[in-house]
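Colleague: I've got the model open and a handful of things to ask. Can you walk me through them one at a time?

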Amino acid sequence: MTSLLEKLVAIIAPHTCFVCGNEDNVLCEECLKTEHIALAPTCLLCGAASEGWRVCSRCRPVSSLNHIWAAGVYDGLLERIIHAYKFERVRSACEPLVTIMQSSLPQRQWVVVPVPTAPPRIRQRGYDQAALLAKALAVHQNNVFSPALLRVQYDRQVGKNRMQRQEQSEHMFSTALGRDVQGAHILLVDDVCTTGATFSAAARVLLASGAASVDAVAAAWQPPQA
C-alpha cells in the first residue's frame with residue numbers, strides 16, 4: 001500500500017510523463033495508449049522467434065519453464081520507466097508497467113509468485129518491486145497472489161555474465177516451509193529477464209516441490225551479453 005508520505009509527495013511534486021511531460025506518472029494514460037512497446041513472441045532464453053512465447057525446443061532441456069512472456073525490450077522508454085521504478089523510488093511506475101505486461105500475457109488461472117528480492121534492496125528502496133508487480137497482475141487476472149512461496153539466498157547478479165548468472169542461480173531458491181504447491185500452476189513475476197537463469201532455477205525448485213507447471217513474465221527482456 002502506498003504510504004501517506006508517498007501520497008503527499010505525489011500531490012506536491014507529481015511525476016511527469018517521460019513522453020509528453022504532463023504531470024501524472026512516468027507514463028501517462030494517454031501516452032500508454034499510443035506508445036508501442038510490445039515485443040514479438042520470443043523464446044527469451046535464446047532470442048529465437050517462438051509462437052505463443054513458448055520456451056523453444058532447443059532450450060527446453062535446460063529449462064523447466066513452459067513460457068516466458070515480456071512486455072518489451074529493456075531499452076529506451078521501457079528502460080527509463082523500470083529504472084525510475086527500481087532506483088529512483090517511483091513506486092507509481094508499477095501501474096503502467098503492469099498495464100504493459102498484460103498486453104502480452106494471456107488470461108489463465110495461476111498462483112502468482114514474485115521472484116524474491118534481496119532484503120537489502122527492499123530496505124533501500126522501501127518496497128519490493130517484483131512483489132508489487134506480481135500483486136497487481138494477480139488482481140487484474142483474478143488470480144491467487146502468493147508472495148512468500150519462494151525463499152532466496154541472496155547473491156547479487158548485476159554485472160555478471162550469462163555463465164556466472166546460471167551457475168549462481170542453481171542453488172538460489174527453496175520453497176518456504178508450510179507452503180503447499182502440490183498441483184499448482186505457477187506464474188513467476190520479475191521486472192527484468194536477462195538470461196532466464198533465475199526464472200529457470202525457481203521453476204525447477206517449484207516443480208520438484210510438486211507444482212504442475214511453471215510459467216514466467218517480466219516487464220522487460222534484456223538480451224544477454226556474452
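Colleague: Let's start with Pro41: which residues does Pro41 touch, not counting residues up to four places away in sequence?

Modeller: Keep in mind that this is a predicted model. Pro41 sits in the loop between helix 2 and strand 1. Setting aside residues up to four places away in sequence, the ones Pro41 touches are Ala49, Ser50, Gly52 and Trp53.

Colleague: And how far apart in space are Pro41 and Gly52, C-alpha to C-alpha?

Modeller: Gly52 is one of the residues that Pro41 touches. In sequence the two are 11 residues apart, and C-alpha to C-alpha the distance is 6.0 Å.

Colleague: Is Pro41 buried, partly exposed or exposed?

Modeller: The cut-offs are under 20% for buried and over 50% for exposed, with partly exposed in between. Pro41 has 39% relative accessibility, so the label is partly exposed.

Colleague: What about Asn25, buried or exposed?

Modeller: Asn25 is also a loop residue, placed between helix 1 (4-12) and helix 2. Leaving aside neighbours within four places in sequence, Asn25 has contacts with His15, Thr16, Cys17, Ser92, Ala93, Glu95 and Pro96. Its relative accessibility is 5%, and therefore Asn25 counts as buried.

Colleague: Asn142 next: buried or exposed?

Modeller: Look in the loop between helix 6 and strand 3 (144-145) for Asn142. Across 33 residues of sequence, Asn142 and Gln109 are 8.0 Å apart, C-alpha to C-alpha. The relative accessible area of Asn142 is 64%, so Asn142 is exposed.

Colleague: On to the helices. At what angle do the axes of helix 3 and helix 4 cross, and what do we call that?

Modeller: Helix 3 covers residues 76-87 and helix 4 covers residues 94-102, and their axes come within 10 Å. The crossing angle is roughly 135°. Anything over 145 degrees would count as roughly antiparallel, so helix 3 and helix 4 are oblique to each other.

Colleague: Which residues make that contact, and of what class are they?

Modeller: Helix 3 passes helix 4 in a left-handed crossing. Helix 3 brings Leu78, Ile81, Ile82 and Tyr85, while helix 4 brings Cys94, Leu97 and Ile100.

Colleague: How far does helix 3 reach from its first C-alpha to its last?

Modeller: Helix 3 has 12 residues, and at 1.5 Å a residue the expected reach is 16 Å. Arg89, with a positive phi near 60°, follows the helix. From first C-alpha to last, helix 3 comes close to that expectation, at 16 Å.

Colleague: What do the buried residues of helix 3 pack against?

Modeller: The buried set in helix 3 is Leu77, Leu78, Ile81, Ile82, Ala84, Tyr85 and Lys86. They pack against strand 1 (68-73), helix 4, helix 5 (119-125), helix 6 (129-141), strand 6 (185-193) and strand 7 (213-221).

Colleague: And what covers the buried residues of helix 4?

Modeller: In helix 4 the buried residues are Cys94, Pro96, Leu97, Val98, Ile100 and Met101. The cover includes helix 2 (29-34), strand 1, helix 3, helix 6, strand 6 and strand 7.

Colleague: Last one: what percentage of the residues in the protein chain is buried?

Modeller: The protein chain has eight helices and seven strands. Of its contacts with a separation of 6 or more, 71% link residues 24 or more positions apart. Of the 226 residues, the buried share is 48%.

Key
Residues numbered from 1 in each chain as written. Predicted model: local features only at pLDDT ≥ 70, side-chain atom pairs only at ≥ 80, totals over all residues. Heavy atoms only, no water. Axes fitted to C-alpha atoms, helices over the stretch in contact; angles between N-to-C directions. Helix = DSSP H or I, 4+ residues; strand = E, 2+ residues; numbered from the N terminus. Parallel < 35°, antiparallel > 145°, perpendicular 65-115°, else oblique. Left-handed = near helix turned anticlockwise from the far one by under 90°. Contact = heavy atoms within 4.5 Å. Expected span 1.5 Å × (residues − 1). Buried < 20%, exposed > 50% of the residue type's maximum accessible area, 1.4 Å probe, protein only.
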